[in-house]
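Hello,

I am passing a structure on to you, together with some notes on its ligands. Please have a look at it before you read on.

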Amino acid sequence: MSYKPGVNLVTDKTALRARLRDRRRRLGAEVPGAAARAAALLPLERLPPFAAFSGYFPLGTELDPRPLMLRLAENGATPSLPVAVSRDEALEFRLWDPRDGLEPDSFGIPSPPAWADAVVPDLVIAPVLGFDRLGHRLGQGAGHYDRTLANLRAARPVFVIGLAYSGQEVDRLPVEPHDQRLDAILTETGYIEVG
Ligand SMILES: Nc1nc2c(c(=O)[nH]1)N(C=O)[C@@H](CNc1ccc(C(=O)N[C@@H](CCC(=O)O)C(=O)O)cc1)CN2
Ligand SMILES: Nc1ncnc2c1ncn2[C@@H]1O[C@H](COP(=O)(O)OP(=O)(O)OP(=O)(O)O)[C@@H](O)[C@H]1O
């Protein structure tokens, strides 16, 4: 898919989101086993050191990060999940203990309960609707990851990996000043480091 700049980046993004949602739905059905393949392809030795990471609870046909989360946790890192407290605020991250139940956050996404410990991840596995090779990411459009990564990065280094089907790649995404870039992209066909 190639991107032709239009007059308005925001409406361009909205149109792209609709197309990429359709495309991801198709990929979810056509590429079985992608989550486990992607998890196995992460080159742990190339990542900066990290003590805590965040994954996500897969929505719809998002690529399931749980095999990857399991691998990172088995490697000794503390797992956490994002919690959307409102549409306009940054995400919180809370410790994910698979023995504890999850509760819907303000978007209805299963998330650790309010009493779970807060975590500051230094590795973020971000859900992706679309990505390009420069590390630009298109998300759900609420700006949650942009706000959250801006806050995290203002305090200390955080390495951000977008997890996606390889078919979610586009030539070039429209970019706004607030967009936070991915450091790498992991798909079922490989690991792409962004320069
Ligand atoms: N699995 C997952 N968890 C996540 C996110 C995500 O993208 N995926 N988020 C990322 O920021 C945050 C939640 N933010 C969200 C913001 C908007 C919508 C949303 O508008 N969803 C559409 C339906 C999307 C679809 O059909 O695929 C909607 O409700 O109309 C969802 C989540 C934190 N947790
Ligand atoms: N750091 C920020 N501070 C305030 N508002 C922000 C910030 N980052 C993004 N926003 C707002 O969030 C809205 C959505 O941004 P955008 O379309 O880039 O979302 P996205 O990256 O696709 O989604 P998400 O980050 O939720 O996965 C925009 O209206 C933007 O102004």
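Here is what turned up around the two ligands.

This is a predicted model, in which local features need pLDDT of at least 70, side-chain atom pairs count only at pLDDT 80 or more, and totals for chains, interfaces and linings use all residues. Residues are numbered from 1 along each chain as written, chains are lettered from A and ligands numbered from 1 in written order, and side-chain values use heavy atoms, without hydrogens and water.

Let's start with ligand 1. Around it are 16 residues (a heavy atom within 4 Å), and R21, F57, E62, Q140 and H144 are the closest. Among its polar contacts (N or O pairs within 3.5 Å), a nitrogen atom of ligand 1 is 2.6 Å from a polar side-chain atom of E62, and a nitrogen atom is 3.0 Å from an N or O atom in the side chain of H144. On its own, ligand 1 exposes 680 Å², of which the protein buries 74% (Shrake-Rupley method, 1.4 Å probe).

Ligand 2 has 15 residues around it, and R17, R137, G139, H144 and D146 come nearest. Its oxygen atoms make these contacts: one is 2.7 Å from an N or O atom in the side chain of R17, one is 3.0 Å from a polar backbone atom of Y145, and one is 2.9 Å from an N or O atom in the side chain of H178.

Happy exploring!

Notes. Polar contact = N/O pair within 3.5 Å; in protein donor to acceptor, adjacent residues only side chain to side chain.
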